[in-house]
Amino acid sequence: MGIEEEADRTLFIRNLDSRVTEELLFELFLQAGPLIRTKIPKDPDGNQKTFGFAVYKHEVSAPYGMQLLNGTMLFGKAIHVQFRSVLTL
């Protein structure tokens, strides 16, 4: 399973509030299909960044997750969901 194949199953989520956890993202994005993992990167100081990723088990879940969850309000902020490009590694 290469990076290119996983990219087809990965969504990029931005505009995350600092209170959003990987567990919360997992539960939210699970509504669109089975997930492998969610990830919210941290900066060198250990602070959570304002974007994250959701990796689905099946490629067909990614477009559905994007359509279903784009614009969802989390802690008063609308999240923006798009396909991950290889450049966002």
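## Strand pairing and the sheet

Two strands are taken to pair if DSSP finds at least two bridges between them, and the strands themselves (E, at least two residues), like the helices (H or I, at least four residues), are DSSP runs numbered from the N terminus. The structure is a predicted model, in which local features need pLDDT of at least 70 and side-chain atom pairs count only at pLDDT 80 or more, while totals for chains, interfaces and linings use all residues. Residues are numbered from 1 along each chain as its sequence is written, and side-chain values use heavy atoms, with hydrogens and water left out.

On these terms there is an open sheet of 4 strands, in the order β2-β3-β1-β6 and with antiparallel pairing. Because β2 (35-39) and β6 (80-83) stand at the edges with a single partner strand each, one side of each has no neighbour in the sheet. Direction ignored, neighbouring strands are turned by 20° against each other on average; axes here are lines fitted to C-alpha atoms, for helices over the stretch in contact, and angles run from 0 to 180 degrees between N-to-C directions.

## Bridges between the strands

β1 and β3 pair in the antiparallel sense over 5 bridges, and glycine 52 in β3 is the bridge partner of isoleucine 13.

In α3, Ser61, Ala62, Gly65 and Leu69 are buried, where buried means under 20% relative accessible area, exposed over 50% and partly exposed in between (1.4 Å probe, protein chains only). These residues cover an arc of only 95° around the axis, so they lie on the same side of α3, the arc being that of the directions from the helix axis to the C-beta atoms. The buried residues of α3 pack against β1, α2, β3 and β6. After α3 comes glycine 71, whose phi is positive, near 90°.

## The nonpolar core

A nonpolar core is a set of buried Ala, Val, Leu, Ile, Met, Phe, Trp, Tyr and Cys residues joined through side-chain atoms within 4.5 Å. The largest one has 17 residues, and those with the most contacts inside it are Ile13, Leu16, Leu25, Phe29, Tyr56 and Ile79. At least two residues of this core come from each of β1 (10-14), α2 (22-29), β3 (51-56) and α3 (61-69), with α2 giving the most, 3 residues.

β3 is mostly covered, since 5 of its 6 residues are buried. Residues up to four places away in sequence not being counted, tyrosine 56 touches several residues, including Phe29, Pro34, Ile36, Ser61, Ala62 and Gly65.

## Threonine 10

Threonine 10 lies in strand β1 and, at 1% relative accessibility, counts as buried. Its side chain reaches the backbone oxygen of glutamate 6 at 2.7 Å. Apart from residues up to four places away in sequence, threonine 10 touches Phe53, Ala54, Val55, Phe83 and Arg84.

Technical notes. Contact = heavy atoms within 4.5 Å. Polar contact = N/O pair within 3.5 Å; in protein donor to acceptor, adjacent residues only side chain to side chain.
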